[in-house]
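Please examine the model shown below, following its secondary-structure elements in turn.

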Amino acid sequence: MTETPFDAETEFDSQLDRLVRLGYPALAELTESAFRDLVAPLRARAVDGAADAPAPTAARVPFLLVITRELVGVRERLALTTLAGKRKPGVLDRNYAEDDLPRFDPIKELEVPVGPAYLLFDVDRGEEFRNLAPATAMEGITAQGRLPLTIDEGLAFVTLHPAALASNRCFSLVGSRCGDKRVPALWISQGAPKLGWCWYGNPHTWLGSASARPERIGLDRSH
């Protein structure tokens with residue numbers, strides 16, 4: 001039986017349609033058509049960047065359309081995440097102080113594009129790094145020529161492919177830091193996604209560290 005080739009155009013359209021259904025345009029204070037027009041230039045870039053990519057699995061996807069906090073806030077996007085086949089909305093861990101989230105910025109190594117949206121390629125939830133401290137996982141990720149995910153990228157992963165977050169298959173987001181030893185992470189709590197944090201030096205048996213290819217393609221630049 002011949003496996004159906006991965007169609008990046010269909011995948012991009014599916015991701016964009018999901019964001020529209022979830023209400024992203026209204027949260028961004030845009031009409032649906034304006035929201036679609038905003039990210040439309042990334043469609044061809046997704047096709048080019050995902051050439052010959054395998055089809056998405058629960059653990060790994062060819063690319064993600066990442067919406068940033070410049071367009072929609074973290075709390076608002078988190079509330080629109082769910083587990084696969086579930087309806088309970090994602091929640092923020094109570095251990096985040098009121099002014100914490102804006103302090104978690106992408107680490108400089110990521111060179112995250114400035115702007116409201118960008119593409120991230122070859123995204124993996126990092127199961128091989130379960131029971132390894134994020135500090136150790138970071139060494140493994142960079143040794144593979146890859147880089148860790150940010151909060152925005154983790155939210156995109158779970159929003160667009162909810163099966164990525166599963167029991168004992170949760171993941172740290174080492175690409176967002178705020179200058180201390182905390183590392184954001186997405187895990188499951190009471191049947192819903194939860195954005196929490198763990199310590200950079202502490203391992204957890206159920207928590208890996210997600211990563212992606214280094215290049216991120218934005219709306220305002222070609223690399």
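**Sheet, helices and loops**

Five strands make up an open sheet of mixed pairing, in the order E2-E9-E8-E6-E10. Helices (H or I, at least four residues) and strands (E, at least two) are DSSP runs numbered from the N terminus, and two strands count as paired if DSSP finds at least two bridges between them. Strand E2 (91-92) and strand E10 (207-209) stand at the edges with a single partner strand each, so one side of each is left without a neighbour in the sheet. Helix H6 (residues 134-143) packs on this sheet and touches E6, E8, strand E9 (192-199) and E10; the direction of H6 makes about 40° with that of E10. Contact here means heavy atoms within 4.5 Å. Axes are lines fitted to C-alpha atoms, for helices over the stretch in contact, and angles run from 0 to 180 degrees between N-to-C directions.

The model is predicted: local features need pLDDT of at least 70 and side-chain atom pairs count only at pLDDT 80 or more, while totals for chains, interfaces and linings use all residues. Residues are numbered from 1 along each chain as its sequence is written, and side-chain values use heavy atoms, with hydrogens and water left out.

Within the sheet, strand E6 (residues 170-172) and strand E8 (residues 182-189) run antiparallel and are joined by two bridges. Opposite Phe 171 stands Leu 186 in E8. Helix H7 (residues 151-160) lies across E6, E8 and E9, running at about 15° to E8. How many of the residues of H7 are buried? Ten of its ten residues are, where buried means under 20% relative accessible area, exposed over 50% and partly exposed in between (1.4 Å probe, protein chains only). Among the buried residues of H7 are Asp 152 and Glu 153, as well as Leu 155, Phe 157 and Leu 160. At the start of H7, a side-chain oxygen of Thr 150 comes to within 3.4 Å of the backbone nitrogen of Asp 152.

Strand E4 (residues 117-124) is likewise mostly covered, with seven of its eight residues buried. Strand E1 (residues 60-67) runs antiparallel to E4, and seven bridges join the two; Leu 65 stands opposite Leu 119 in E4. E4 also pairs with strand E12 (residues 216-218) in the antiparallel sense, over three bridges. In that pairing, Leu 120 has Arg 216 of E12 as its bridge partner.

Two packed helices are described by the angle between their axes and the distance between the axes. For helix H1 (residues 8-22) and helix H3 (residues 32-39), the axes come within 11 Å and cross at roughly 145°. Phe 12, Leu 16, Asp 17, Leu 19 and Val 20 in H1 meet Glu 32, Phe 35, Arg 36 and Val 39 in H3. The residues of this contact divide into six nonpolar, no polar and three charged; Ala, Val, Leu, Ile, Met, Phe, Trp, Tyr, Cys and Pro count as nonpolar, Asp, Glu, Lys and Arg as charged, and the others, Gly among them, as polar.

Two loop residues complete the tour. Asp 52, in the loop between helix H4 (42-49) and E1, has a phi near 65°, a positive value in a residue other than glycine. Asp 52 is exposed, with a relative accessible area of 82%. Glu 111 lies in the loop between strand E3 (105-106) and E4, and its phi is positive, at about 50°, although Glu 111 is not a glycine. Glu 111 also counts as exposed, at 55% relative accessibility.

Definitions and conventions:
Polar contact = N/O pair within 3.5 Å; in protein donor to acceptor, adjacent residues only side chain to side chain.
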